[in-house]
Amino acid sequence: MTEIMTMTEERDVNGMEKAKEAICMAETAKAEETDHMTEETNVEPKTDMTEEEGALINEMRLCFLSRGENESLARIAVAGFIACLDPTLDVLDDIRTAVSEAVTNAIIHGYQGTTDGIVYLSAFLYEDGVNSRLLRVDVEDTGTGIEDVKKAMEPLYSTSLDGERAGMGFAFMAAFTDRLEVESKPRLGTCVSMWKRLILPEASHDTE
């Protein structure tokens, strides 16, 4: 029981640290203009990851109504998709958090909280050298879209009228993944693409 409590506390601390990282990164992005950002597309690579993926190994496509309870479905689906790679709990938590934020954004902002919209979830697994694989997750809606993506990426910015949204969705997505892209057009919808490099179990054992 003590060991379980200790593991839970450690994961909570890691989550808080990454939340702080998200805020710092978002504030930095707000202060510094980058040449590769446009109003419709934002790319913020945090690693040397290139835009070219390796050969496609596996893929999953899922669509569901814009209902709040389907946010957990999306998290479970992506976690199950990469289960064969035996990811660590920290990596799983990162991916589930990022997916959760993206789906929540689609429901709350894309479809304005209505329950008859369709959220499209796609996951792709690519070759990424000998010791790792590259996961890409796309979350797409055909809702209201975003007038100014760069503005929406700013920390604490939210279009929610009830004041209950913290405006940190994109910042969390960026902090918990290796790369984030957001494409959106008003009245046509939004597509959020997230990448995460996954180390294969054999490679992680070799480094221990």
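Glutamine 112 is exposed, with a relative accessible area of 54%. In this predicted model, glutamine 112 sits in the loop between α3 (89-110) and β3 (118-127). Its phi is near 55°, a positive value in a residue other than glycine. That deserves a second look. Most residues other than glycine have a negative phi.

Arginine 187 is another case. Its phi is near 70°, again a positive value in a residue other than glycine. Find arginine 187 in the loop between β5 (179-185) and β6 (189-199). Is it buried or exposed? Arginine 187 counts as exposed because its relative accessible area is 67%, and the cut-off for exposed is over 50%.

Now step back to the whole chain. The protein has six helices and six strands. From the N terminus on, they run α-β-β-α-α-β-β-α-α-β-β-α. Of the 208 residues, 45% count as buried. The accessible surface comes to about 11600 Å², and 52% of that belongs to carbon and sulfur atoms. How do contacts span the sequence? Take those between residues at least 6 apart in sequence: 71% join residues at least 24 apart.

Next, follow β6. This strand is mostly covered, with nine of its eleven residues buried. Which strands pair with it? One is β5, which pairs with β6 in the antiparallel sense over seven bridges. Within this pairing, glutamate 181 has serine 193 of β6 as its bridge partner. Another is β4 (residues 132-141), which pairs with β6 in the antiparallel sense over ten bridges. Here leucine 135 has lysine 196 of β6 as its bridge partner.

The largest nonpolar core has 43 residues. Those with the most contacts inside it are Leu121, Leu135, Val137, Val139 and Met194. Which element gives the largest share of this core? Helix α3 does, with eight residues.

What does it touch, leaving out residues up to four places away in sequence? Its contacts are Val78, Val99, Leu121, Ser122, Ala123, Val192, Ser193 and Met194.

Key:
Residues are numbered from 1 along each chain as its sequence is written. This is a predicted model: local features need pLDDT of at least 70, side-chain atom pairs count only at pLDDT 80 or more; totals for chains, interfaces and linings use all residues. Side-chain values use heavy atoms; hydrogens and water are left out. Helices (H or I, at least four residues) and strands (E, at least two) are DSSP runs, numbered from the N terminus. Buried means under 20% relative accessible area, exposed over 50%, partly exposed in between (1.4 Å probe, protein chains only). Contact means heavy atoms within 4.5 Å. Accessible areas come from the Shrake-Rupley method with a 1.4 Å probe; for residues, only the protein chains shown count as cover. A nonpolar core is a set of buried Ala, Val, Leu, Ile, Met, Phe, Trp, Tyr and Cys residues joined through side-chain atoms within 4.5 Å. Two strands pair if DSSP finds at least two bridges between them.
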